[in-house]
Amino acid sequence: LRDDGTIYMNGRKVDYLTLNGKDFFKGRNRIMLDNLPYYVVSKLKFYEKDVPLSQMVHSDTGEKDYVMDVVLKQEYSIGYMANVEAGAGTNERWMARLFGLRFTDNSRLVLFGNVNNTNDMRSPGGDSWEGKPSVQTGEKTTKMIGGSIRVDDKNHRYGENAEAVVRWTDDRNETRTSRETFLQEGSVFGRMQDAMRSKDLSASLRNELKLDRLRLNFKTTLGYSNQDGEGMSRSASFISDPSAHGTCIQILDSMFSSPSTSSLHRASVNRVLDQTMYGSTSCNMGQEIGWGGGLPWGDDLYIKVNANYGRDERDGFSRYDLTYTDQSQPDDRRDRFTPYRHHNYEYGGEAFYRLYMFHRWFIDSKYSYAQRYDDTDSRLYRLDALATGMDFGILPSQEEYLQTIDMGNSYRNGYMTRTHRLSLVLKRTLNTDRHTLLYGIGTHVMHKGESSHYR
């Protein structure tokens, strides 16, 4: 068992976990491993499970997932479970976690939360005092809440599984560097400060609805993210050791204050101020519908259609200011505004047909089509070309800044792909008391068309 929740059994990676044979936060193993007490577990089972296509047509397609199933003791198959942790420490450190579970043979409700400023982004668990934080540098404050609900009709008419997670993060990083570079003609000294802060709000929803009697399966995904950040880097170079003038921050504060004739400024070579600021919003949504099962004459058919859409908008500002103390070289000042817009859509479908023949011979045929379009608009505006200076992160009038576009470093690109895939495979199965052997011969054909409009 690895720190990220990945499990290996006899060297083979487990694809996902199940609880009493049913999905449990698929792909997020730690949620179950960290919160399920050992005394409620009867046994662990490792086995191969049919992929969704095989489950839909109720027939073996030759593809398997490797699953670890956590089987609960009979007396714990229905009940409630809760996990609560809280802690406080020096330097204003704090954390709190909550995990609640209600389960029956046909339903499951999970709620969990995690708030801390100890750089821990893991889901609620039982190893918080011993495990390493997931982020090793800086300071990260995390607030997360999520849950899931699963209902399986005891008469096998329908099944519903929904999961949602909302997360807030606040990242702060600062690095201070004192440097001495040894050269033949004498040492060069440097002081540098890098500071960054970013805030992120993200939300995701996944829902799966199965209508067994209609043989329909619906999968819906929604996602949203909003990010804001700013950063600053200050540095200065000197021909003599500036340590006598104070700490790294005191030296840089003096260098970036009003011009001075002090000995510190006279010993300096140059100073650099590099600032960044950005804000972005993104969203995505997807829908998949599948239908499949056995046909009256004995063959299997599965049909799936899907569609996805995504959008990403980002506005960024950056300012670079290099100043030489002795005026022997020209200063370098760059003030940029970089709006970025991207959206994409994708739709497609596939059809799978299994034709049964004789003596366990059959033919699997599959055709799929996918179309994807990406539109990207990325521009660079050189605000330093304007005669009037603006506060950092503030745009002048639209008429003014549109005239500063750097056409050589701005582009618009539309990219379209259309992909066809076709496969025909002749297969046969041989069953023994202990094993099933599946072998076959076939052909796979793929055709992909691409077009791009770039300016």
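**Close-up views of the predicted model**

**View A. Phe46 is partly exposed, at a relative accessible area of 27%.** On this scale, which uses a 1.4 Å probe and protein chains only, buried means under 20%, exposed means over 50%, and partly exposed is in between. Tyr66 is buried, with a relative accessible area of 11%. The model is a prediction in which local features need pLDDT of at least 70 and side-chain atom pairs count only at pLDDT 80 or more, whereas totals for chains, interfaces and linings use all residues. Residues are numbered from 1 along each chain as its sequence is written, and side-chain values use heavy atoms, without hydrogens or water.

**View B. Phe46 and Tyr66 belong to the 12 aromatic pairs that a search of the whole structure finds.** Rings of Phe, Tyr and Trp (its six-membered ring) pair if their centres lie within 6.5 Å; planes under 30 degrees apart count as stacked, over 60 as edge-to-face, and the rest as tilted. For Phe46 and Tyr66 the centres are 6.3 Å apart and the planes are at 35°, so this pair is tilted. Phe46 is in strand S5 (residues 41–50) and Tyr66 is in strand S6 (residues 64–72), so the contact ties together parts that are 20 residues apart in sequence. Strands (E, at least two residues) and helices (H or I, at least four) are DSSP runs, numbered from the N terminus. The ring of Tyr66 also has the charged end of Arg12 over it, 4.2 Å from the ring centre. A charge sits over a ring if NZ of Lys or CZ of Arg is within 6 Å of the ring centre and within 35 degrees of the ring normal.

**View C. Tyr345 and Tyr373 form a tilted aromatic pair.** Their ring centres are 5.8 Å apart, with 35° between the planes. Tyr345 lies in strand S16 (residues 332–356) and Tyr373 in strand S17 (residues 361–378), and the pair links parts of the chain 28 residues apart. Tyr345 is partly exposed, at 26% relative accessibility. Elsewhere, one aromatic cluster is formed by Phe317, Phe337, Tyr381 and Tyr401. Arg314 lies over the face of Tyr278, 4.3 Å from the ring centre.

**View D. Strands S4, S3, S6 and S5 make an open sheet of 4 strands.** Their order is S4-S3-S6-S5, with mixed pairing. At the edges are S4 (22–23) and S5, each pairing on one side only. Two strands pair if DSSP finds at least two bridges between them. S5 and S6 are antiparallel and share 9 bridges; Val41 has Leu72 in S6 as its bridge partner. Asn20 is in the loop between S3 (16–19) and S4. Its phi is near 50°, a positive value in a residue other than glycine, and Asn20 is partly exposed at 36%.

**View E. The structure holds 1 cavity of 30 Å³ or more.** A cavity is a set of points, on a 1 Å grid over the protein atoms alone, where a 1.4 Å probe fits but cannot get out; lining residues have an atom within 4 Å of a point. Points are joined across faces, edges and corners, and a volume is the space filled by probe spheres set on them. The largest cavity has a volume of about 40 Å³. Its lining consists of Leu19, Phe24, Met32, Asn35, Leu36, Phe99 and Leu101. By class, 6 of these residues are nonpolar, 1 is polar and none is charged. Here Ala, Val, Leu, Ile, Met, Phe, Trp, Tyr, Cys and Pro count as nonpolar, Asp, Glu, Lys and Arg as charged, and the others, Gly among them, as polar.

**View F. Strand S11 (residues 158–181) pairs in the antiparallel sense with S10 and with S12.** S10 (residues 139–152) and S11 are joined over 14 bridges, and 24 bridges join S11 to S12 (residues 188–211). Asp171 in S11 is the bridge partner of Lys140, and Asp171 has Ser198 in S12 as a partner. The hairpin of S10 and S11 has 5 residues between the strands, and His156 there takes a positive phi near 60°. In the hairpin of S11 and S12, with 6 residues between the strands, Gly186 takes a positive phi near 135°. Arg215 lies in the loop between S12 and S13 (216–238). Arg215 is not a glycine, yet has a positive phi of about 60°; Arg215 is partly exposed at 29% relative accessibility.

Definitions and conventions: 1 Å grid on protein atoms, 1.4 Å probe; cavity = no way out; pocket = protein on both sides within 12 Å on 5 of 7 lines; lining within 4 Å.
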